[in-house]
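Open the model in your viewer and keep the selection tool at hand. Each stop below says what to select and what is there.

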Amino acid sequence: MKNTIKLIIICFVVVFSCFACRNRNNFLIKSGEVLATDIISEIEKGKNIYIEDAVIKGKLDFTSINSKNIIKPGVFVVYIPVSISFFNCTFDSEVIGFKSDNSGTVFVNFEKHFVCTQCIFKDKLCFKETVFMSLCDFSKSIFNSETEFTNTRFGGKNSYFNESSFNSDVYFNYAFFYFPVRFDMCFFKKNIFFQNSQFNSEANFNACTFAGYVEFSNATFKDILNFNYSKFKDKTYIYNNVYFGLVDIIDVEFNGKTEIIENKFYNLLRIKKLKNFKELKFYDNNFFIAPEIDNKSIIEKNNINNIN
């Protein structure tokens, strides 16, 4: 009996020690103000970041981390091997993952998950040419200034932007999504650009509101694309894209001038229950499977053939 009790105590001590050791590798803040420079300092020490209900003061510049690896003369990459999580936080200054000036170009690779949910970004967010190698989650956040994900690689099994509000211009030009991405129920107040972007898996834009200019051009969609129940209130330009999966445009409102032209559909396109599409131009598209379009006026006005 004594040996059993002794063994239980030893096991408890070992487990507690492991837990304490693990927590020493975490930088945990529950509330209050946190200096951006302190976050960078803790990352440099190899600590995971978990911050909740806090205000991040100052520019959060991930390119300032000391451990830079040279790619070629004048070009450097920062590998960040720790997980980073922000919940219900406010960033009062810029958040930077890319820098290019006279001293050279620096971009960032996040090797573990990067989470910013229910956060507010008051200033510019720039993750141009950044690599997210694991989960990337910006869901339910508010972006009040320019947001840039140009030439960004989303390599995690899922990327989330759903239920977020973008109150300034948004750039996803040349972005590469290796796995599913969700923009469901997003609000885009100004302009959004997906030029030369590639989606290797499912892309969802269900129930979004696009209040400004929208452009999807020279993009590739290798899986399902959904725009169901979305509202396009200004000019929409969908040009020269290639679609290999099902494309659903169902119960959608096009309130502004809309051009869907010179696209290639290798799978089924379904356009049904459209609302307010008087300025819709739909021409010079190539269909390898006959599309399903339920409105005769769209078919006749745009001289579309081979309709299911």
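Two strands pair if DSSP finds at least two bridges between them. Helices (H or I, at least four residues) and strands (E, at least two) are DSSP runs, numbered from the N terminus. This is a predicted model, in which local features need pLDDT of at least 70 and side-chain atom pairs count only at pLDDT 80 or more, while totals for chains, interfaces and linings use all residues. Residues are numbered from 1 along each chain as its sequence is written, and side-chain values use heavy atoms, with hydrogens and water left out.

**The whole protein**

Start with everything selected and coloured by secondary structure. The protein comes to three helices and 44 strands. Of its 308 residues, 47% count as buried; buried means under 20% relative accessible area, exposed over 50%, and partly exposed in between (1.4 Å probe, protein chains only). A contact means heavy atoms within 4.5 Å. Among the contacts with a separation of 6 or more, 29% are between residues 24 or more positions apart.

**The sheet of 12 strands**

Which strands make up the open sheet of 12 strands? The order is S1-S3-S8-S13-S17-S21-S25-S29-S33-S37-S41-S44, and the pairing is parallel. Select residues 26–29 for strand S1 and 292–293 for strand S44: they stand at the edges, each with a single partner strand, so one side of each is left without a neighbour in the sheet.

Now go to strand S33 (residues 225–226) and strand S37 (residues 247–250), which run parallel and are joined by two bridges. Asn226 has Asp248 in S37 as its bridge partner.

**The sheet of 10 strands**

Another open sheet has 10 strands in the order S2-S4-S9-S14-S18-S22-S26-S30-S34-S38, also with parallel pairing. Its edge strands, S2 (32–35) and S38 (253–254), each pair on one side only.

Select S2 and S4 together. Four bridges join these parallel strands, and Glu33 has Val55 in S4 as its bridge partner. Next, compare the two faces of S4: Ala54 and Ile56 are on the covered face, and Val55 and Lys57 are on the uncovered one.

Further along the order, select residues 165–166 (strand S22) and 187–188 (strand S26), which run parallel with two bridges between them. Phe166 stands opposite Phe188.

**Helix H2**

Select residues 36–44. This is helix H2, which lies across S2 and strand S4 (54–57) and runs at about 60° to S2. H2 also lies across S1, strand S3 (48–52) and strand S8 (84–87), running at about 150° to S3. Axes here are lines fitted to C-alpha atoms, for helices over the stretch in contact, and angles run from 0 to 180 degrees between N-to-C directions.

Show the side chains of Ala36, Ile39, Ile40, Glu42 and Ile43, which are buried. Seen down the axis of H2, its buried residues fall within an arc of 160°, so they line one face of the helix. The arc is that of the directions from the helix axis to the C-beta atoms. Just after H2, find Gly46, which takes a positive phi of about 85°.

**Phe193**

Is Phe193 buried or exposed? Phe193 is buried, with a relative accessible area of 14%, and lies in strand S27 (residues 192–195). Leaving aside residues up to four places away in sequence, Phe193 touches Val170, Tyr171, Phe172, Asn173, Tyr213 and Glu215.

**Two loop residues**

Select Asn240, in the loop between strand S35 (236–239) and strand S36 (242–243). Its phi is near 55°, a positive value in a residue other than glycine. At 26% relative accessibility, Asn240 counts as partly exposed.

Then select Glu262, in the loop between strand S39 (258–261) and strand S40 (264–265). Glu262 has a positive phi of about 55° although it is not a glycine, and is partly exposed, with a relative accessible area of 33%.

**The cavity**

Finish inside the protein. On a 1 Å grid over the protein atoms alone, a cavity is a set of points where a 1.4 Å probe fits but cannot get out, and lining residues have an atom within 4 Å of a point. Grid points are joined across faces, edges and corners, and a volume is the space filled by probe spheres set on the points. The structure holds one cavity of 30 Å³ or more.

Methods. 1 Å grid on protein atoms, 1.4 Å probe; cavity = no way out; pocket = protein on both sides within 12 Å on 5 of 7 lines; lining within 4 Å.
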